[in-house]
Amino acid sequence: MKLFLSSDGFLTRTQFKQLVGKEYKDANVGLIMNATDWMKSSEKKTRLDEVRERFERIDIKPELLDLRRFYNKTPESLLKKLQQYDLNMSIKKILIGLAVFILVGAGIYYYLNREEVPTVVVEVEEPEYVSEDNYSPESFEVIGRSVENRSIRAFKFGTGNKKLVFVGAIHGGYEWNTALLSYELIDYLADNIEIIPSDIEVTVIPVANPDGLYKAVGTSGRFFAGDAPQFDYANETTLNDLLARGRFNANDVDLNRNFDCKWQSDAVWRNYDVSGGAKVFSEPEALALRDFFLREAPEAVVLFHSASNGVYTSFCEGDALPGTEDSLTVYSEASGYARYDNYSYYEVTGDIGDWLSTINTPAITVELSSHRAIDWEKNRTGIEAMFEFYSDN
Ligand SMILES: [Zn+2]
């Protein structure tokens, strides 16, 4: 029920019909009266009763009483105002309804959403040195630890009984590209496991000297070549250059002088005096490698170094093992690296490859062509030739 106000009191039925388009009783829209007079009237009650008598239902909304300012309008203009008012009220209701709908909807949404997200307690077992690379701890074996307690890791691929082992970075940061080559090999084998014959097992130890690598590169795990230091290898003049470049372990021992073949504490690298350690296998890294090789007894071992650009033999007393000769032939012919059956530049003592020959394990040294390149295609070809040679399949 709406209250229509007019400037001239009650409308006649005719006027009402003209204005509203319906009869009083059918319209169900109310009455029109002079609001100002009505509000002021001492006869308000009487007039209201009169209204009630004439209309069955009346609901005088307070806000409509503000329409009294239209008391002197014509019925037509008044109706227009009232219609505008009704329209505004409808819009207001729609907007309020919409706002309520949105608020309720949002509330329901967030409530349901909250219910759908269960509270999960994740127990994270944090592996040691987890930040050093992306491998899960299950995918490699820690064969030992460095002087500074960094892990020495062995990554295995394949399940055959003939074992081939590849070792990088025994000279740490000084030969960081051998670590990158080893990681490249790990990734390649992980992505192409089918190239390993069924009777072959491959182990890659990418960083035999993690403290030395860390000293130069700032990590003992994975890194990019672009993040490795740019040493001026051509102009190194002091032992401190070698120390700073992480050639040795954290005890300043050259690990490749600490093994049990012609061992000397006072060792030599080119024209430098380097430490071979206080005794044979005095260094934890050398001990870890020794125990690993004694346990595994591989068919052949490939030791990555840089950068003398060639494949080199190994022997302690007497001749190289037949398996060493075979590996030299296979790797050099497949890769294209020059073959060297002797290392006559200076007296090498305590070398890991030479020690391996004393436990009847053939070993060759692959010297990369520079201190930066990993010579991937050459080495991939050489490595796959080794797989083929040592497999009976
Ligand atoms: Zn080296």
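Q: Among contacts between residues at least 6 apart in sequence, what percentage join residues at least 24 apart?
A: In this predicted model, 76% of the contacts between residues at least 6 apart in sequence join residues at least 24 apart.

Q: Is Leu-164 buried or exposed, and which residues is Leu-164 in contact with, leaving aside its neighbours within four places in sequence?
A: Leu-164, which lies in strand 5, is buried, because 25 other C-beta atoms lie within 10 Å and the cut-off for a buried residue is 20 or more. Leaving aside neighbours within four places in sequence, its contacts are Ile-200, Val-202, Pro-298, Glu-299, Ala-300, Met-386 and Tyr-390.

Q: In what order do the strands of the open sheet stand?
A: The general idea is that strands of a sheet pair through backbone hydrogen bonds, either parallel or antiparallel. The protein has 13 helices and twelve strands, and eight strands form an open sheet with mixed pairing, in the order 3-4-6-5-9-12-10-11. Strand 3 (140-145) and strand 11 stand at the edges with a single partner strand each, so one side of each is left without a neighbour in the sheet.

Q: How many bridges join strand 3 to strand 4, and how many join strand 4 to strand 6?
A: Strand 3 and strand 4 run antiparallel and are joined by five bridges, with Gly-144 standing opposite Ile-152 in strand 4. These two strands form a hairpin with five residues between them, and Asn-149 in the turn has a positive phi of about 70 degrees. Strand 4 (residues 151-157) and strand 6 (residues 200-205), also antiparallel, are joined by three bridges, and here Phe-155 stands opposite Val-204 in strand 6.

Q: Which strands do helix 10 and helix 11 touch?
A: Helix 10 (residues 284-296) packs on the sheet where it touches strand 3, strand 4 and strand 5 (162-167), and its direction makes about 130 degrees with that of strand 3. Helix 11 also packs on the sheet, touching strand 9, strand 10, strand 11 and strand 12, and its direction makes about 30 degrees with that of strand 12.

Q: What span should helix 11 have, and which of its residues are buried?
A: The general idea is that an α-helix has 3.6 residues a turn, so residues three or four places apart point the same way. At 1.5 Å a residue, the 14 residues of helix 11 (residues 322-335) should span 20 Å, which agrees with the 20 Å between its end C-alpha atoms. Its buried residues are Thr-324, Ser-327, Leu-328, Val-330, Tyr-331, Ser-332 and Ser-335, and what covers them includes helix 12 (352-358) and helix 13 (376-390). Gly-336, which follows helix 11, has a positive phi near 95 degrees.

Q: Which residues of the largest nonpolar core touch the most other members?
A: Val-167 and Ala-208 touch the most other members of this core, which has 65 residues; helix 7 (residues 176-191) contributes the largest share, seven residues.

Q: What is the mean pLDDT of the protein?
A: The mean pLDDT is 81, and 72% of the residues reach 70 or more. Over residues 1-12, however, the pLDDT is below 50, although this stretch has 44 contacts in the model beyond near neighbours in sequence.

Note on methods
Residues numbered from 1 in each chain as written. Predicted model: local features only at pLDDT ≥ 70, side-chain atom pairs only at ≥ 80, totals over all residues. Helix = DSSP H or I, 4+ residues; strand = E, 2+ residues; numbered from the N terminus. Contact = placed C-beta atoms within 7 Å. Core = buried A, V, L, I, M, F, W, Y, C linked by C-beta atoms within 7 Å. Buried ≥ 20, exposed ≤ 12 C-beta atoms within 10 Å, placed from the backbone. Expected span 1.5 Å × (residues − 1). Pairing = 2+ DSSP bridges. Axes fitted to C-alpha atoms, helices over the stretch in contact; angles between N-to-C directions. pLDDT = per-residue confidence, 0-100.
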